Amino acid sequence: MKVSVGTIARLVGAILLAAFLVRPEAFAPLFAPLTSNGAPPIYRQGNLLALAWSHFQIVVFATLASTLVAVSLGVLVTRRSGAEFLPLSRAVVNVGQTFPPVAVLALTVPLVGFGDGPTFIALFAYGLLPIFENTLVGIQQVPAAVTEAARGCGMTPAQRLFRVELPLALPQIMTGTRLAVVVAIGTATIGSTVAAKGLGEVIIAGLLSDNTAFIVQGGLVVALMAALIYDAMLAAERSIILRLGLPANERE
Amino acid sequence: MIRLEGVTRFYGERAVVDDVSLVVEKGEMAVVVGRSGSGKSTLLRMINRLVEPTSGLISIDGRDVSTVPAHVLRRGIGYVIQGHGLFPHRTVADNIATVPRLLGWPRDRIARRVSELLELLQLSPARFSGQYPHQLSGGEQQRVGVARALAAGPDIVLMDEPFGALDPIIRSKAQDDLKAIQARLGATIVLVTHDMDEAFRLGDRIAVMEAGRVLQYGTPRDMIARPADPRVAELTGSGEGALRLLALVRAGDAAEPFDASTPPPSHSVPAGASLREALASLLWTGEGELAVTGDDGRPVGRVTLASVLRHGRSP
Amino acid sequence: MAPPAKAVIGGQGAGRPSTARGRAAWPADRLGSLLAAVGFAAAVLLPFMIVKANRIASGQPHGLADSLSRAGAAELAALLAVVAGVAMLVRAPTVRLAAALAGLAGLAAAVSHAASRFTPPGDSFARVSPGAGAWLMTAVLALLATDALARLRLFPGARVAALALAIAACWLAFRFGLFDQLSVMREYANRADVFAREARWHLVLAGGSCAVAVLIGLPLGILCHRAPRLRAGTLQGLNIVQTIPSIALFGMLMVPLGLLARSFPVLSQFGVAGIGGAPAFVALVLYALLPVTANTVAGLAQAPAAAVDAARGMGMTDGQVLREVELPLAVPVILTGIRIVLVQNIGLATVAALIGGGGFGTFVFQGLGQTAIDLVLLGAAPTVALAFCASVLLDAAAEAFEGPGS
């Protein structure tokens with residue numbers, strides 16, 4: 001019963017999101033009460049669908065990049081030859097997390113200029129910590145008996161990594177990626193302050209023109225997108241965990 | 001044939017395995033027994049180079065193992081560990097197929113081999129091949145672990161406390177099955193255990209280890225009859241020597257022909273049972289002798305209390 | 001007696017030979033060598049200082065040799081060479097830490113020295129700032145120090161003491177005007193009053209919202225722990241709040257708070273208004289609620305069932321079980337939640353400037369608008385420092401509470 005309610009809510013959310021992005025004008029009456037002095041209730045300075053798409057793209061590419069780097073780093077420092085780098089990598093990604101997003105954005109502007117660049121860098125940097133930490137946990141919690149058996153079967157180090165350790169760490173790595181994606185979707189809106197293409201544009205336009213309707217619709221689209229992606233990724237993770245009978249890792 | 005000559009392994013200043021030499025003949029089951037920390041596992045793991053010896057030589061069929069790349073060597077040697085170490089993300093069939101895949105066997109040959117092994121270990125292929133390890137009972141997991149070790153038909157199988165995680169009832173069944181499988185496949189097995197009863201039950205030869213050294217390496221009978229060291233006697237349990245001796249003799253082998261003048265005994269034991277079991281039965285029933293029955297249930301001879309006691313006497 | 005001993009022996013055994021081989025190939029510390037190589041490249045290839053004729057003119061890069069007097073450059077080079085040698089060859093963390101700190105001090109002195117050399121006397125327009133080379137060398141030395149500190153595994157108390165020492169050293173450097181010739185400090189000098197005001201307000205925004213969130217979240221967490229039916233709904237609701245992007249939440253709150261202030265003019269005397277600090281404060285509280293509540297629930301739930309059972313069995317009331325068993329065991333987890341919240345809010349408070357909410361973000365967004373990177377730095381650097389200090393302090397607190405229990 002409870003499951004089906006959740007599924008219906010998600011379905012309705014997805015349909016509403018799609019409908020709003022494709023035909024925003026249809027929702028104008030809903031947002032009209034939030035405007036004053038005859039301001040437009042729906043953002044028209046740019047195509048909402050295109051903005052949502054580039055918002056989504058930048059999040060996906062940045063998270064892919066941080067997954068690639070964080071997982072490689074996690075693999076490296078769990079090898080015997082990379083163990084020397086473990087304490088420092090841990091400290092660096094932790095300290096990196098204390099950098100506020102606005103600061104990262106603002107400080108990368110002189111390096112790469114205005115546009116998508118600073119946002120990409122900020123999202124990339126923020127994704128590193130959760131994915132790196134989860135990769136570490138995932139690899140370290142592979143039971144010793146299993147890696148031992150893999151060695152005893154005559155697997156080479158590369159075969160052990162790709163056939164045993166990484167597949168077993170996968171659910172944990174996915175947890176990290178999921179947390180990173182949700183944070184990235186929110187942070188990407190701040191990117192619009194340095195001219196990144198994304199849904200932040202709508203919100204900022206609302207702030208500048210004192211139009212609450214813009215703020216609310218921008219916020220809602222981003223929130224809905226984050227919630228739907230979070231749920232989808234959680235479901236994927238659970239299905240893998242369930243199949244493997246691995247201990248569930250709840251880290252919300 | 002596995003030959004160890006002066007094998008030593010240091011960890012820091014401490015010799016965990018100290019100058020061990022022994023030979024395991026083809027088709028034999030050698031059991032290395034000792035307390036935890038005696039170096040028995042390290043000794044076993046040096047045979048498939050999971051641990052490299054600090055000095056000494058290990059050879060298999062005359063070939064120095066250090067000349068073979070470690071992963072290639074390991075693919076030719078079965079390995080079973082305590083707690084089975086099954087890959088949780090792979091089905092039973094995929095677990096068993098691990099080494100054949102590493103060796104690049106064709107797909108249909110692997111499939112045939114997997115069902116053959118499942119049958120051999122009394123796991124119905126239809127039911128088990130698609131299951132994941134966490135869906136199996138402890139005993140089933142252990143059998144899959146053995147099947148995985150046997151998959152590529154290795155001449156040598158190394159077993160590190162293979163029954164350690166099983167409860168006592170399943171354990172004795174698993175031990176019997178292992179004995180039967182070995183008899184059928186003729187593999188050379190080196191098994192490590194801390195359980196003296198298991199050693200006596202399974203071993204063609206037993207190596208008793210303590211503090212990195214092999215105190216004695218010989219047949220179970222030697223071990224009881226001529227302990228090389230007081231510590232061996234203590235470990236094998238001198239007080240139980242008689243019973244251990246009886247446990248080593250099958251009733252069928254000790255049976256005497258019937259004497260026509262006396263009436264046949266009213267109770268019986270199977271020929272495959274040990275004299276220890278026969279003695280227990282004699283004590284329980286209060287009889288002076290038992291009939292020994294063959295596989296078909298027909299009496300083939302008898303054992304008397306006196307003859308059982310004679311077998312248990314210190315040689 | 002010690003069944004795992006066997007496994008441990010095996011584990012070591014597997015490692016020994018390969019490690020031995022690895023060492024033989026490169027006898028030096030590999031991390032130290034890498035850092036030394038990067039530092040060397042930064043010193044040789046990248047500009048050490050950037051000099052601008054005025055605030056927004058484009059910069060003139062100067063290399064290390066050309067930024068310092070001949071003797072000064074030689075001294076710095078010698079010092080850095082010693083530090084590099086220590087990084088490559090010495091393994092003792094205390095020595096490495098001392099070397100890294102000496103290197104940082106030397107670098108700071110060099111930057112200060114170069115800045116005064118490049119500033120013509122009486123010129124208030126020229127702007128001198130450290131170049132990429134100086135920043136990269138600072139980063140490399142900081143990494144070396146961080147690695148040494150991580151390896152030292154200091155006790156929580158010692159970590160706080162180390163932080164206090166670092167803050168004292170920085171304070172002295174600023175007090176004696178070591179960096180007064182640098183462009184960031186020029187920007188500071190121009191707005192010292194505003195800076196102090198925004199700094200105070202930033203602290204109030206981040207710290208105050210965190211405190212309010214704890215006051216609400218802690219009882220809420222306890223309530224959720226008691227009533228599982230409440231738990232799912234509450235946490236899900238707070239989860240949804242987290243998915244709303246910060247700038248949108250700030251903006252959305254302007255409406256209800258504006259209405260409130262207009263309907264109850266009394267409230268505006270207390271700072272409640274549609275624009276400025278109030279919506280920012282409320283938004284930060286809302287964001288902070290989830291980590292505090294969720295960690296309280298998680299912390300209370302992790303008390304071993306057997307311990308709770310035993311406490312009940314001894315006749316403790318529900319309240320006593322909570323106070324004497326569950327809460328003490330939950331403290332480290334709750335503190336971790338508070339750390340997450342405080343660090344997060346210190347960062348998010350910068351966004352408040354977008355809706356006129358003040359704080360360090362004011363300088364960041366002003367700087368972005370004027371493409372004056374020094375002004376951005378004036379807002380960003382203290383924010384980062386603040387977040388870093390908060391994270392060290394609360395981490396130490398969480399660990400200190402964990403100590404005796406586990």
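**View 1. Leucine C:L149 sits in helix α6 of chain C, which covers residues 132-152.** Helices here are DSSP runs of H or I with at least four residues, strands are runs of E with at least two, and both are numbered from the N terminus. This is a predicted model, in which local features need pLDDT of at least 70, side-chain atom pairs count only at pLDDT 80 or more, and totals for chains, interfaces and linings use all residues. Residues are numbered from 1 along each chain as its sequence is written, chains are lettered from A and ligands numbered from 1 in the order in which they are written, and side-chain values use heavy atoms, with hydrogens and water left out. Is C:L149 buried, exposed or partly exposed? It counts as partly exposed because its relative accessibility is 34%; buried means under 20% relative accessible area, exposed over 50%, and partly exposed in between, with a 1.4 Å probe and protein chains only. Apart from neighbours within four places in sequence, C:L149 is in contact with C:L97 and C:L154, where contact means heavy atoms within 4.5 Å. Now look across to C:R226: 77 residues away along the chain, its C-alpha atom is 41 Å from that of C:L149.

**View 2. An open sheet of three strands in chain C has the order β2-β1-β3.** The pairing is antiparallel, and two strands pair if DSSP finds at least two bridges between them. At the edges are β2 (60-62) and β3 (127-130) of chain C, each pairing on one side only. From one strand to the next, the twist averages 25°; axes are lines fitted to C-alpha atoms, for helices over the stretch in contact, and angles run from 0 to 180 degrees between N-to-C directions. Strand β1 of chain C, residues 49-52, is joined to β3(C) by four bridges.

**View 3. Strands β1, β4 and β5 of chain B are linked by antiparallel pairing.** Five bridges connect β1 (residues 2-11) with β4 (residues 55-60) of chain B, and here B:L4 has B:I58 as its bridge partner. Two bridges then connect β4(B) with β5 (residues 63-64) of chain B, where B:I60 stands opposite B:R63. The hairpin of β4(B) and β5(B) has two residues between its strands, and B:D61 takes a positive phi near 50°.

**View 4. Chain B is divided into domain 1 (2-244) and domain 2 (249-311).** These bounds come from an automatic or database domain assignment. The C-alpha centres of the two domains of chain B lie 34 Å apart. An unreviewed UniProt entry carries the annotation "domain: ABC transporter" for residues 2-236 of chain B; UniProt positions follow the numbering used here, feature names are shortened, and annotations may be inferred rather than shown by experiment. That span is 40% helix and 27% strand, with its end C-alpha atoms 25 Å apart.

**View 5. Chain A meets chain C through 41 residues of chain A and 45 residues of chain C.** Together they bury about 3,400 Å², 78% of it on carbon and sulfur atoms; buried area is the accessible area (1.4 Å probe) that two parts lose on being put together, summed over both. Which residues of chain A lose the most area to chain C? They are A:E84, A:L88 and A:T98, together accounting for 18% of what that side buries. Chain A itself has 10 helices and zero strands.
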